[in-house]
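This briefing goes through selected local features of one model, grouped by topic. Please keep the sequence and the 3D view at hand while reading.

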Amino acid sequence: MDSRRLPRTVIDPKVRHVGFFTSGDPPPARSLSVPAETGASALSPVGLPSPPPTAELSLTGNSLPAAMTPPKRHASAEGIHSLVRAAASSTPITAHGVQSPRRRDGIQISIGSYNPSEPNALSQVLSPSSSRFEGTEFSDETAASAWLKRTGSGKEAGSFFGSSSDLMMSIESNATTPFRSALTTVSVVKTLPEVTGKDGGASIETLNEGTGTVISVQKTTKAERRAIQEGQRAAKAATKEAVKGGKSGGGAPGNTKQAKGAAPLYQKKDGHQDTAVASERRTDRNPDKDRKKDVPQPSMQFDDRTRVEKAKKRAVVSQREVRNRVELFRHLPQYEHGPQLPYLESKFFHLGHIHPSVYKVGLQYLTGSSTGGNARCKEMLLGFRDAILDYSTPPEKTLVRDLTSKINSFVSFLIECRPLSVSMGNAIRFLKSRIVKLQPNLSESEAKSNLISDIDHFINEKIVIADQVIVHHAITKIRNGDVLLTHGYSTVVEMILVQAHELGKQFRVVVIDSRPKLEGKTLLRKLVMNGLKCTYTHINAISYIMHEVTRVFLGASAVLSNGTVYSRVGAACVAMVAHSFRIPVLICCEAYKFHERVLIDSICSNELGDPDVISHVHEREELNHLQNWSHKENLQLLNLVYDATPSDYVSMIVTEHGMIPPTSVPVIFREYGRDQLLFF
Amino acid sequence: MPDIQAHVNDFVLKLKRRKIEGSQATARQTAELLRAVVSHQRLPYTNQALALLDAVRDVGEQLIAANPVELAVGNIVRRVLHIIREEDLTSVASAVDGLGLSTNSDDDDNFEHDDHPILSAAAVAATARSTLRAPSLQTLLEGLPESASAPRPSSSGGDSEGKSKSAERKKLKHDVIEAINELIQDIETCHEQISEQAVGLIHQNEVILTLGRSKTVKEFLFAANEKKRSFRVFIAEGAPRYQGHVLAKELVAKGLQTTVITDSAVFAMISRVNMVIVGAHAIMANGGVIAPVGINMVALAAQRHAVPFVVVAGTHKLCPLYPHNPEVLLNDLQCPSDLLDFGEFSDCMDFSTSGGSPLLHVVNPAFDFIPSKLVSLFVTDTGGHSPSYMYRLIADYYSTDDFVVERRIKS
């Protein structure tokens, strides 16, 4: 097993990447904050004021049975190469014993493979160690130089930096040790004390408790150095530790994931020889995600630090945190996407596991060049279609499993680019259920063509034809002389208006627009091009213009089962004012955007856009009062993307299944949901 | 007189061109102009008050016509008219008092003597009202409300004319100018008086939402902040002028926790807001509010979530008119270029020119009307009032005769 893995890790692009970056290149942009987070959380038990949940640390620690190896590496750095070998040989055993995720011991071995070749290059020893705990994506950025250069994009980074220098002061060994120990503590913190107890128990001496754990890492190293034959014992200890961790942490959210992940990962171990290691790592992390998705589960809460840390470790897209978060929205992902594009572009060749067309879709999401539920969903499905076309099952793998995990990796990439919309979630569910339901006796090409026709069918039936049916229904509600109001830009509403105009109905359209996207302008342009009479105004003037209006047509991003309409921000305002003027509000929405979730406000579930566009008023430079103020600590800019319209403001929802009151949304689930491929 | 007319024309032009920003500035400048008018007005020997009233009304009519939407102008004109009437009443009262003492011995003046107590009582009541003290029980008992009201000044002016000395003639003008000065001072200090009440209305950790920028709101929040109340403010930016950004900047500079949101996110955010505080453009007699555009939306959202909706405004914004269709009649439509870049849509607009009637119509109103049922509280410089009390407050500041300035002139 070891002999099989060693060469593979050597060819691991990630590891090579590490070596490249440690040679003094400036760290990539995304390394700015992400390692800072982990570093801070790692150091916090080292006596820092910032208190991250220690449970989280212990969990990660427990899940990494090979945590003991870094000390060994340190030893090697100090000149004893044979120790490294011992460590390398011992780690797989420990890892194997606890059935840890493979990627971890894989990297461990990479360490082993590295050290003999360059035993004295501390930085190179360091970097694999960091790659071990930060996941594959961050392997390139953890050279000590990178840590030092990070001037801290957030408080935590700053605190970490300071504390690391503290450590430097307090520990009088060679200058790099604190860094190494700091790095290793990320995963080792909890495991080590006990190991120390066995191996070098008397090691914690004069230093305070916080740094004690860090020091213990070193002491362990010394203990190891002293007795090489104890390697085996240490492995046992680690095994015990990990088993214990698995038991004790079973209830915690982070660890359950790990535990769940372990089983499927292990099953897969046999078939991986040919695929690229990077993609393999990605894919085999995903089945646990998949499993989670089967159970309806609330979306990720971003104030849950454990999970955020984990998500970050996985992330491809660098996720820089917004400087001034809005307290109410801590649970939502708050990332700035703007500066990431060049980075992600440069990253293209390292993301071998993501199909180019999926990658393209992701970039489009990131830049915002494709917006709107339908467009995004269509693009995603077409990207998946391309990926499936180019897909070939690796030998010794089943198509169903491997393709599902591939789709999962695509989806997680897309989520990093932009949170999924409900429509996309439904489409993904559809696709996955189709993959799962594939007949096992089908050949690969048959299966692929089946899937592709399924995707085409979905796009055609659920989006294209559904829109036509909706238009057909909605047009019956437009009378001559009507004044129709709409907000933002919904493709369905545009089709309704244009077709009604083509049918010769006499009506006028009021287009309400709202910052920051000003999507109404797009709609206005299209309508005016088609010769419709339009009135254009902004959302504040809604109470003024509502006097003239006879119907309100709105699109929706999702319709939830309590009748709440989840839509572009501002739609709720429009519906509210219309309601107060006793004007009917018609929501036009395809049934594939229905979701069985419920929502009662716009805060629990939402998406945050780029806050900087709030301060920047387009085309009107004289109004940009906040241009250089966004860094102020007291000032937060909040760019909500969606809001939830209560069902009592909605008169009618027009779907392809007919026109229903908002109270009948659950009926659509009951009647159509099961058979209509939406939910199996 | 000609120099005054020049000033008036100048001001009228400014109003017409909407050069004066904010109703407070407008109110102050109007009051200053009217003070000049009063001081330059040559008073005839007889009917002084009437002459003053006519002069002020004359100028006032021009000013109101210059910008009928800026209700503060009309309010100040009416306030000044009211001041003249009241000063006239008090001067008559004092004159009559003096007269009464001298004529007490004369028996032939019995009729007039009977009249005096009533007059003086009315005058006392009027002064009591003007200083915002509650009228004492005695004056309530003695004073007949009819005598205090409208037709009196002219007649009493004529009445007193025969008897008042030349010193008292000068005194009326002087008193009126003094009173106008007080009015100007009131307008200038209304923010302080309003913001004094901030601490009583804002509690610790309050979440406040406002839209756009109002100087009164700003001062109100500052005052609460200075009293070490910590609270956070959500500011809707207030398209199309985006003055919310300016307010955010000012609040941040003072160290307040400020969050800027888009106008469209008001409904999403209001459920987490404890109080909405907005400024007003004018308060109508029925308790309705004319406010910068977008605030009606906020008020509706606040009502939906039962969030108190507080309007802060100086008394110079109190308008004695009952609005009819205020959304249209008391609104200002502003330049469409605020919303839409013409260059961007010139290609679309070309279609319209070829087709005859324009296809594209851009609406950019300046104000919203908020019906009184959506308002929880008015905070004025005289204290907090409920919308239903506004009519009474108006009766304190205006005489019913002046409610319609123009018709008076025509008749």
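C534(A) is buried, at a relative accessible area of 3%; buried means under 20% relative accessible area, exposed over 50% and partly exposed in between, with a 1.4 Å probe and protein chains only. C604(A), at 44% relative accessibility, is partly exposed.

The model is predicted: local features need pLDDT of at least 70 and side-chain atom pairs count only at pLDDT 80 or more, while totals for chains, interfaces and linings use all residues. Residues are numbered from 1 along each chain as its sequence is written, chains are lettered from A and ligands numbered from 1 in the order in which they are written, and side-chain values use heavy atoms, with hydrogens and water left out.

**A sheet with strands from chains A and B**

- Eight strands form an open sheet with mixed pairing, in the order β11(A)-β3(B)-β2(B)-β1(B)-β4(B)-β7(B)-β10(B)-β11(B).
- Strands here are DSSP runs of E with at least two residues, helices are runs of H or I with at least four, and both are numbered from the N terminus.
- Two strands pair if DSSP finds at least two bridges between them.
- β11(A) pairs with β3 of chain B (residues 257-261) in the parallel sense, over four bridges.
- Within this pairing, L635(A) has T258(B) in β3(B) as its bridge partner.

**Helix pair in chain A**

- Helix α21 (residues 399-417) and helix α22 (residues 422-436) of chain A have axes that come within 9 Å and cross at roughly 165°.
- α21(A) is therefore roughly antiparallel to α22(A).
- Angles under 35 degrees count as roughly parallel, over 145 as roughly antiparallel, 65 to 115 as roughly perpendicular and the rest as oblique.
- Axes are lines fitted to C-alpha atoms, for helices over the stretch in contact, and angles run from 0 to 180 degrees between N-to-C directions.
- The crossing of α21(A) and α22(A) is right-handed; a crossing is right-handed if the near helix is turned clockwise from the far one by less than a right angle, and left-handed if anticlockwise.
- Residues making the contact include V400(A), L403(A) and I407(A) of α21(A), with I428(A), L431(A) and I435(A) among those of α22(A).
- Contact means heavy atoms within 4.5 Å.

**Helix pair in chain B**

- Helix α11 of chain B (residues 215-226) packs against α12(B) at an angle of about 20°, and their axes are 11 Å apart.
- α11(B) and α12(B) are therefore roughly parallel to each other.
- The crossing of α11(B) and α12(B) is right-handed.
- K218(B), L221(B) and F222(B) of α11(B) make the contact with L247(B), E250(B) and L251(B) of α12(B).

**Backbone geometry**

- Most residues other than glycine have a negative phi, and most peptide bonds are trans.
- R515(A) and P516(A) are joined by a cis peptide bond with omega about -5°.
- P516(A) sits in the loop between β4 (507-513) and α25 (520-529) of chain A.
- Another cis peptide bond runs from A239(B) to P240(B), with omega near 0°.
- P240(B) is in the loop between β2 (232-236) and α12 (243-253) of chain B.
- Y242(B) lies in the loop between β2 and α12 of chain B, has a positive phi near 55° and is buried at 8% relative accessibility.
- A306(B) lies in the loop between α14 (295-304) and β7 of chain B, has a positive phi near 55° and is exposed at 66% relative accessibility.

**Two buried residues of chain B**

- H316(B) is in the loop between β7 (309-312) and α15 (326-329) of chain B and is buried, with a relative accessible area of 3%.
- Neighbours within four places in sequence left aside, the contacts of H316(B) include S23(B), Q24(B), N75(B), R79(B) and C190(B).
- T26(B) is part of helix α2 (residues 23-40) of chain B and is buried, at a relative accessible area of 1%.
- With neighbours within four places in sequence again left aside, T26(B) is in contact with F11(B), L15(B), I20(B), E70(B) and V73(B).
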